[in-house]
Structure formats: C-alpha cells, structure tokens
Amino acid sequence: MPYNILIVDDSSSMRKVLKKAITMCNIGQVEFIEAENGKTALDIMNNNWIDIVFTDINMPVMDGFQLVSRLKKDNIIGNTPIIVITSELRTEQSEEFKINNIKHIVYKPFRPESIRELLLNLLGMEEQDESADGEFEGVDF
Amino acid sequence: MNQLMENLKELTSDVLYKMFFLIEEAEPLKKNFDFKYGVCIENDKFSIILLYTDKVAKLLTENFLGTDVISDEDIYDTLKEAINIIAGNFIGLHLKNLSDKVPVPYKIKDLKTIKNEDYNAKIMFFHEDPLKLMLKLNT
C-alpha cells in the first residue's frame, strides 16, 4: 500500500519541490495529493485516507494554523501527523504552534535530510542503508 | 538602515544558495541591465521588493523546479516563494516589531511604477546578472 501524503501550499513550485524532496527520502511508494489552501485540504481529508500532511502556514482562504486547529477538533482525522513547513521564525507564531500542539516543523530554507528524518520518525521506519544517505550528498533545497 | 540592508543581502544570498542553487558573485564588468520581473512583500510599515533580470529569474526557477521547461507563471510562483522565504526569515530576525505576520507576496505588474527614491537598495550578482534588493520602512 502506498503512503498517501497530502501537500498543502498555495505555491505550485513549492509543492513540486516538496514532492521531489519526499520522493528522494526512499520511504517506499508514495501517492501525492495536493491542495492549495487549508479548506481544500480539509475537503480532501474528509474523503480520502491521508497518512501524513505537509502544510504551509501563510496561505489564502484558510491558513495552516486554521487547518491544524480544525483538524485537531475532528475525532476521525484529528490524529493525522502534520508537518508544518514555514519560513516564519517569529516568537508570536511559536505561541500559535504551542496552542495548536504543532510538534513537527521544518523551517525554510531546508535540506532534504530534515524532511527524511521527520518522515522516518513519523512512519516508524529506521535508516535503511548508506546508499540512501548518498542520495542527499551536496543537495540543498 | 545600512546594517539592515546588509543583513537582508546576507540572508538573500544564503536562501538563494541553499534552496535555489545560486551562488553570489562579484560585480561583473558589464553595467547595463534590464530588470524584467519584480515581486513585493509589504504592509503599512515596511516594503521589500526583489527585481530580477530575465536570466536570473529563469535560472532561479529552473534550479528550484529541476527543469528547464518553465512558464511565466512558474517564474512568478517561484519568485514569490523566494521572497516569502527571505522576508519570513528577515522579519523574524530583524523586523519583529513591525509585523506579526508575513504578508502574502505579489507580482509587480509594471516595474516603472516603483519609486526608486523611496527605497534603500542593494545589487547582488548571479551568473553575471544583477538582482536588486529594495527595502522601505515607514516609521
């Protein structure tokens, strides 16, 4: 069974780059589903099984914090692991991270290794072999 | 302001290197350039603009997306992502008192509408072409 990974970002370029970074993680077969804001993501999650959500914060219509807040209130999909990808380093937002109990954060600019570490951890997988590490040599995003 | 501009330049150099594979260079001999693409992030207290030549905008987009088949939409989408990352880091490190949220970036449709005299500016070079950083604080 492939992992269903939902990528929520209003930038199609960032969605493409995230798909590339996740694919490079060698976690097995992955089915990518994309949404350009939190509202579309919620609609998708109400109709599809999602293993992990990657979400941006700063989006129109419904931002990442609103998405997480709505998800946490849902008994069925509320336990889906969420990884927030953000360039915002402000302490005010850290409070919002705490309020929403967001534990997994990747700050932009990021390296693919940080994505892989989180994915392996969330999926309960261990580092496979050295060849997987080699995939990332000299690679930034 | 000079220190802020220097910080913005350093941060831009770091982001463009880490996520867009562009390495800043020394100023080339060629002096005449046309800026074709512009993106902006602003609120009522600050404004950050990045202006790109055709060459730098395309290189940045191609590097980010990993393809040389790109559209104008791809370019603007990528340039908006770049300024979002730069501004997000810059606000968090240096302008915390001026903004509690990173505004949504937008495309500047007509570069002639920019009032250069209102901004502090720095030029950076990539592949012998410039990128212009512009910063205005309304305080």
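Helix axes here are lines fitted to C-alpha atoms over the stretch in contact, and angles between them run from 0 to 180 degrees between N-to-C directions. Helices (H or I, at least four residues) and strands (E, at least two) are DSSP runs, numbered from the N terminus. The structure is a predicted model, in which local features need pLDDT of at least 70 and side-chain atom pairs count only at pLDDT 80 or more, while totals for chains, interfaces and linings use all residues. Residues are numbered from 1 along each chain as its sequence is written, and chains are lettered from A in the order in which they are written.

Two residues are in contact if their C-beta atoms, placed from the backbone, lie within 7 Å. Among the chain A contacts between residues at least 6 apart in sequence, 65% join residues at least 24 apart.

Within chain A, helix H2 (residues 38-47) packs against helix H3 (residues 64-72) at an angle of about 30°, the axes being 9 Å apart. On the H2(A) side, Gly38(A), Ala41(A) and Leu42(A) meet Gly64(A), Gln66(A), Leu67(A) and Arg70(A) of H3(A). By class, this contact has three nonpolar, three polar and one charged residues; Ala, Val, Leu, Ile, Met, Phe, Trp, Tyr, Cys and Pro count as nonpolar, Asp, Glu, Lys and Arg as charged, and the others, Gly among them, as polar.

Turning to the two chains together, 19 residues of chain A are in contact with 22 residues of chain B. Helix H1 (residues 12-23) of chain A gives the largest share of the chain A side, six residues. That side divides into six nonpolar, six polar and seven charged residues. H1(A) packs against helix H3 (residues 72-94) of chain B at about 80°, with axes 7 Å apart, which makes H1(A) roughly perpendicular to H3(B). Here Ser12(A), Ser13(A) and Met14(A) meet Asp74(B), Asp77(B), Thr78(B) and Glu81(B).

How values were computed
Angles under 35 degrees count as roughly parallel, over 145 as roughly antiparallel, 65 to 115 as roughly perpendicular and the rest as oblique.
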